[in-house]
Amino acid sequence: MTTTDGRRREPAYPRPRVPWWLGDTLAAVLVVGAAFAPFPVAGFRPTGGLAVAVVLAPVVLLPFRRRRPVPVLAAIVGLFGIAALLGTLAPGVVLATGIAVFAVAARTPRRRTIVVTVVTVLAVALLGLLGVGGRVVDLPVVQFTLLVAFAAAAGDASRSRREYIEAVTERAERAERTREAEASRRVAEERLRIARDLHDAVAHQISVISLNAGVASSAIETRPEKAVTALATIRRASRTVLGEIGDLLEVLRAGDSERVASPQPGLARLDELVAGFADAGLVVRTRVEGPLAAVTGAVDLVAYRVVQEGLTNAGKHGGENRAHVLVAVDEHEVSVVVTNPVPASRDVTEAVDVRGGYGLLGLRERVASVRGVVETGPTPGGFRLAAVLPVTRGGDMAGSSGSAGSSGSAGSSGSAGSSGGSGGVS
């Protein structure tokens with residue numbers, strides 16, 4: 001397994017590994033013990049100083065088997081051949097050969113391990129036959145070759161186990177990273193949702209309060225009855241926004257099992273929405289084409305928010321205190337268009353810049369969530385907000401298209417609901 005900076009990292013083991021020095025010490029004890037053990041077979045015991053040096057030489061080579069397993073194995077097989085030429089079938093050298101083969105199998109790919117093992121087995125068999133005078137069937141030689149083959153199998157099993165643990169560890173780490181990424185994504189989505197809901201709950205009503213506060217301050221001396229009406233509207237809007245914020249906090253504090261979905265507004269409340277703006281003096285003309293009942297679910301809510309956002313922006317940034325709303329429903333889509341004039345003293349481009357706040361960003365996100373399209377921009381003498389949302393229905397379209405016009409002054413009463421997920425500079 002490799003880390004992010006490219007370095008190789010040893011895989012995790014289920015229990016602590018044997019210290020390297022302990023393994024080398026044990027290997028040295030086995031080699032030396034086998035070299036001087038009182039075997040009944042005379043050919044197993046070295047005779048002469050050179051033979052003793054040859055059978056003890058693997059003790060010096062084995063510590064290097066971890067870094068250079070194949071060269072160390074080749075050197076030890078060569079020592080076995082030298083000992084055989086000297087008339088000694090050194091069991092200690094064969095043990096060292098098995099340890100070196102184990103190291104090769106544990107650290108190299110399986111294909112290379114098979115090739116090295118076959119070559120080593122053949123070399124040990126041929127050199128062993130040379131040491132016993134060419135007798136084809138000799139039990140010690142067969143035992144030596146079986147020892148080498150078993151060591152290779154054990155090394156391959158150790159490598160397979162290590163690779164399995166490494167793969168499991170890597171999958172666990174990848175799953176943990178995936179969980180963390182998914183959690184971060186969900187947190188980001190939740191933050192956006194909360195931001196949109198908070199905007200819906202606050203922006204429109206605060207705009208209402210601001211507009212009516214201006215009306216009250218300017219009319220308190222000359223037209224006190226108008227100031228009283230404006231203050232009443234402010235009071236209703238304040239109650240509404242406090243209630244909606246309380247509902248939002250209750251939803252956020254409740255657990256998943258305790259959450260109860262609150263009723264969401266839709267186009268059925270269009271007249272109520274327009275009537276709310278009437279309290280602030282915004283004259284709204286609405287035109288509905290097609291049956292509003294055909295628009296349901298999330299599309300219904302988004303369409304309502306588009307109208308709400310457009311009227312909120314018209315009241316805050318528009319001119320002449322008027323706006324026009326068109327809602328057209330056909331078999332496949334619903335189109336919502338809100339237009340309003342802009343003050344003569346303000347350039348249309350300036351109005352577009354002013355309206356490019358979080359409200360419009362949230363509205364685009366809402367429209368995109370139902371695979372709709374939203375467009376905003378200047379029109380001759382005014383500003384236009386238009387959205388096209390798909391309508392998915394299981395049955396045929398009911399009702400015939402018609403038009404209904406209603407006008408009212410729009411201000412912003414508490415009944416208008418909360419502002420859409422997008423607003424100009426709210």
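Colleague: At what angle do α1 and helix α5 pack, and how far apart are their axes?

Modeller: In this predicted model, α1 and helix α5 (residues 91-107) pack at an angle of about 155°, and their axes lie 7 Å apart. Angles over 145 degrees count as roughly antiparallel, and α1 and α5 are therefore roughly antiparallel to each other.

Colleague: Which hand does the crossing of α1 and α5 have, left or right?

Modeller: The crossing in which α1 passes α5 is right-handed. On the α1 side the contact is made by A27, L30, V31 and A34, while α5 contributes P91, G92, L95, A96 and I99.

Colleague: Staying with α5, is T97 buried or exposed?

Modeller: T97, which lies in helix α5, has a relative accessibility of 1% and so counts as buried, the limit being under 20%. Leaving aside residues up to four places away in sequence, T97 touches L73, I76, V77, T120, V124 and V148.

Colleague: Changing topic, how many salt bridges turn up in the whole structure?

Modeller: A search of the whole structure gives 13 salt bridges. One of them joins the side chains of D24 and R65, with an N to O distance of 2.9 Å.

Colleague: What about R159 and D156, how do their side chains meet?

Modeller: The side chains of R159 and D156 also form a salt bridge, at 2.3 Å from N to O. These two residues are three apart in helix α7 (residues 139-219), so about one helical turn separates R159 from D156. An α-helix has 3.6 residues a turn, so residues three or four places apart point the same way.

Colleague: And are R159 and D156 buried or exposed?

Modeller: R159 counts as buried at 6% relative accessibility, and D156 is buried as well, with a relative accessible area of 17%.

Colleague: Which salt bridge partner does E225 have, and at what distance?

Modeller: The side chain of E225 meets that of R223 in a salt bridge of 3.8 Å, N to O. Here E225 is partly exposed, with a relative accessible area of 49%, and R223 counts as partly exposed too, at 44% relative accessibility. Elsewhere, salt bridges that share partners join R110, D156, R159 and E163 into one network.

Colleague: Now α10, how many residues does that helix have and how far does it reach?

Modeller: Helix α10 (residues 297-317) has 21 residues and reaches 30 Å from its first C-alpha to its last, which is close to the 30 Å expected at 1.5 Å a residue.

Colleague: Why would you call α10 largely enclosed by the rest of the structure?

Modeller: Because 17 of the 21 residues of α10 are buried, the helix is largely enclosed by the rest of the structure.

Colleague: Stepping back, how many helices and strands are in the protein chain, and what share of its residues is buried?

Modeller: The protein chain contains 12 helices and six strands, and buried residues make up 40% of its 426 residues. As for contacts, among those between residues at least 6 apart in sequence, 78% join residues at least 24 apart.

Terms used. Residues are numbered from 1 along each chain as its sequence is written. This is a predicted model: local features need pLDDT of at least 70, side-chain atom pairs count only at pLDDT 80 or more; totals for chains, interfaces and linings use all residues. Side-chain values use heavy atoms; hydrogens and water are left out. Helices (H or I, at least four residues) and strands (E, at least two) are DSSP runs, numbered from the N terminus. The expected span of a helix is 1.5 Å times one less than its number of residues. Buried means under 20% relative accessible area, exposed over 50%, partly exposed in between (1.4 Å probe, protein chains only). A salt bridge is a side-chain nitrogen of Lys or Arg within 4 Å of a carboxyl oxygen of Asp or Glu. Axes are lines fitted to C-alpha atoms, for helices over the stretch in contact, and angles run from 0 to 180 degrees between N-to-C directions. Angles under 35 degrees count as roughly parallel, over 145 as roughly antiparallel, 65 to 115 as roughly perpendicular and the rest as oblique. A crossing is left-handed if the near helix is turned anticlockwise from the far one by less than a right angle, and right-handed if clockwise. Contact means heavy atoms within 4.5 Å.
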